[in-house]
Amino acid sequence: VGQGKLTRRARSLRSDMTEAERKLWSRLRNRQLENTKFVKQFPIGPYVADFAARTLRLVIELDGGQHNEAKDAARTKLIEERGYRVIRFWNNDVMGNIESVLETIVQEIKIARGE
């Protein structure tokens with residue numbers, strides 16, 4: 001995938017977020033969580049990560065029913081090879097238990113900061 005094409009895809013995804021992505025983004029944006037800057041739909045290699053804290057090298061991926069474990073494993077491996085740590089949540093966890101998801105993200109932020 002060419003970089004220009006990937007950038008266009010990321011832009012398209014930013015404006016066409018899933019309900020779970022919108023819900024989580026509403027809690028991540030503007031440094032609301034541990035004063036950490038997250039970006040949405042961030043290109044890494046041939047993939048577009050759902051959310052990333054670039055300075056902490058932390059990626060958050062949301063998975064719905066369309067995800068395939070083998071493809072997700074390959075995607076995670078490549079993103080990790082680029083120096084990022086990947087954490088995944090199911091969309092239904094975000095929709096039904098956002099506080100637990102946020103607690104997990106806070107713990108990952110602290111690990112990434114060496115706290």
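Select I60 to begin: leaving aside residues up to four places away in sequence, I60 touches L24, L28, F38, D50, F51, I87, F89 and I105, where contact means heavy atoms within 4.5 Å. The model is predicted, so that local features need pLDDT of at least 70 and side-chain atom pairs count only at pLDDT 80 or more, while totals for chains, interfaces and linings use all residues. Residues are numbered from 1 along each chain as its sequence is written, and side-chain values use heavy atoms, without hydrogens and water.

Of its 22 residues, L24, L28, F38, F51, I60 and I105 touch the most other members. The helix α5 gives the most to this core, with 6 residues. A second, separate core of 9 residues includes F42, I44, Y84 and V86.

Then select α2, residues 19–28, a helix (a DSSP run of H or I, at least four residues). Here A20, E21, L24, W25 and L28 are buried, that is, under 20% relative accessible area with a 1.4 Å probe, protein chains only. Their directions from the helix axis to the C-beta atoms cover an arc of only 125°, which puts them on the same side of α2. Just after α2, N30 takes a positive phi of about 55°.

Finally, move to E61 in β3, a strand (a DSSP run of E, at least two residues). E61 is buried, with a relative accessible area of 1%. Its side chain reaches the backbone nitrogen of D50 at 2.8 Å.

Terms used
Buried < 20%, exposed > 50% of the residue type's maximum accessible area, 1.4 Å probe, protein only. Core = buried A, V, L, I, M, F, W, Y, C linked by side-chain atoms within 4.5 Å. Polar contact = N/O pair within 3.5 Å; in protein donor to acceptor, adjacent residues only side chain to side chain.
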